[in-house]
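Dear colleague,

Please find the structure below, handed over for your use. My notes on what was found in it follow directly after.

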Amino acid sequence: MAKKRPQTKPAKAGNTGQAQVTNGEIPVVGAREPCPCGSGRRYKACHGRAASHAVTELVQRPFEGLPGECDWVALRELVPAATVPLTLKGGLPDGVPSVTLATVLPMAWPALRRDDGSVLVALQNDSSSGDLARDLADTLERALVAEPGTPVAPRRVPAEGPRLQDLLDADSDFSPVVHSGFEFWIPESADNSNPEVTASLERANAAAIPTVKLTGVDSAYWCETPNKNHLRWVMPHPEEKLLDALARLQAAGTSSLGPDTRLVGSFRAHGLMVPVWDLPTSMTAEDCEKPAAAFAERLAAALASDAPLTLDERRARGGLTNRQVTLS
């Protein structure tokens, strides 16, 4: 067996030729590079340990506290093409006419600073840490100072930094606009001759599932698939309370949205539950509006009940629990 390398003691500044810095000033560097603190050790064996733990610790509800948390979850996990104008604390910087959240951008760019200075930030990109809100805040900050006409490249996010909750106005509106395709990538005045963007647009449009946001209830999205349609509804209620309420409705035979519809299970995504209904192919988003509003009233009554579950309700709850799928 190879001998374990003894841990090197931090060197004094006079021995390294480099002044030591405090923890709050230590930048993120490559894992095998010398630690900027001046210890003489590699970054991964020194301050990189704490940084690695900080950026990988999972935040269960990264969008908690933001306006429209349920819609953030829907746009991250369920909706192919959508945009939302974002309002920053303190207003927009000079030269940035607007900031828009998008589900995805061409070539999987994390963000794009357009020629006119406006910013697009993509929501459905991979996360380099366990906190989506910190990843997106880092991308947004870099996009605000990027050169106009350039995308923002992915990078490893520093262990400490602002989150979306620190950058966005908590009192602003969050109203997603769902699109049938990704033509919003290209402004009407832009040159559409970039072959990479054109090819990426064609691929994205071909893969997009037709999706519509209901207007009568919050955060419910109808989608069309070849064999059946679905309603996927992101709900803010605590999971255990929501499961009890859905079980009460299921046992009472009132959990459907009408004839030939069925509550089939739910997703878990970013700390919230997303009940899912199967719908017949003939049922449009508009057809869902009244049944969804009526279901919301039944659900509110079931959520308000503190009565113990009956045997049938416990059985229904068990079935719903077995049909949960975790997305994130």
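I begin with helix H4, residues 132-144, whose 13 residues should span 18 Å at 1.5 Å a residue; the C-alpha atoms at its ends are 18 Å apart, which agrees. Please bear in mind throughout that this is a predicted model.

H4 is mostly covered, with 11 of its 13 residues buried. The buried residues are Leu132, Ala133, Arg134, Asp135, Leu136, Ala137, Asp138, Thr139, Leu140, Ala143 and Leu144.

**The protein as a whole**

The protein has nine helices and 12 strands. Of its 328 residues, 44% are buried. Among contacts with a separation of 6 or more, 61% are made by residues 24 or more positions apart. The accessible surface comes to about 17400 Å², and carbon and sulfur atoms account for 52% of that area.

**The six-stranded sheet**

An open sheet is formed by six strands in the order S7-S8-S9-S11-S10-S12, with mixed pairing. Strand S7 (211-213) and strand S12 (324-326) stand at the edges; each has a single partner strand, so one side of each is left without a neighbour in the sheet. On average, neighbouring strands of the sheet are turned by 25° against each other, direction ignored.

Strand S10 (residues 262-269) pairs with strand S11 (residues 272-279) in the antiparallel sense over seven bridges. Within this pairing, Gly265 stands opposite Val276, and Leu263 has Trp277 as its bridge partner. The hairpin of S10 and S11 has two residues between the strands, and His270 takes a positive phi near 50° there. S10 also pairs with S12, in the parallel sense and over three bridges; the bridge partner of Arg268 in S12 is Thr326. Six of the eight residues of S10 are buried, so this strand is largely enclosed by the rest of the structure.

**Helix H8 against the sheet**

Which strands does helix H8 touch as it packs on the sheet? Helix H8 (residues 285-304) touches S7, strand S8 (220-224), strand S9 (229-233) and S11, and its direction makes about 40° with that of S9. At 1.5 Å a residue, the 20 residues of H8 should span 28 Å, and its end C-alpha atoms are 28 Å apart, which agrees.

An α-helix has 3.6 residues a turn, so residues three or four places apart point the same way. In H8 the buried residues are Ala285, Cys288, Glu289, Ala292, Phe295, Leu299, Ala302 and Leu303. These residues pack against S7, S8, S9 and S11, as well as against helix H7.

Arg248 is found in helix H7 (residues 239-252). Is Arg248 buried or exposed? With a relative accessible area of 12%, Arg248 falls under the 20% limit for a buried residue. Not counting residues up to four places away in sequence, Arg248 touches Ala302, Ser305, Asp306, Ala307, Pro308, Leu309 and Glu313. Ala302 is itself one of the buried residues of H8.

Gly319 is found in helix H9 (residues 311-322). Gly319 counts as buried, at 18% relative accessibility. In sequence, Gly319 and Gln250 are 69 residues apart; in space, the distance between them is 9.8 Å, C-alpha to C-alpha.

With kind regards

Methods. Residues are numbered from 1 along each chain as its sequence is written. This is a predicted model: local features need pLDDT of at least 70, side-chain atom pairs count only at pLDDT 80 or more; totals for chains, interfaces and linings use all residues. Side-chain values use heavy atoms; hydrogens and water are left out. Helices (H or I, at least four residues) and strands (E, at least two) are DSSP runs, numbered from the N terminus. Buried means under 20% relative accessible area, exposed over 50%, partly exposed in between (1.4 Å probe, protein chains only). Contact means heavy atoms within 4.5 Å. Accessible areas come from the Shrake-Rupley method with a 1.4 Å probe; for residues, only the protein chains shown count as cover. Two strands pair if DSSP finds at least two bridges between them. Axes are lines fitted to C-alpha atoms, for helices over the stretch in contact, and angles run from 0 to 180 degrees between N-to-C directions. The expected span of a helix is 1.5 Å times one less than its number of residues.
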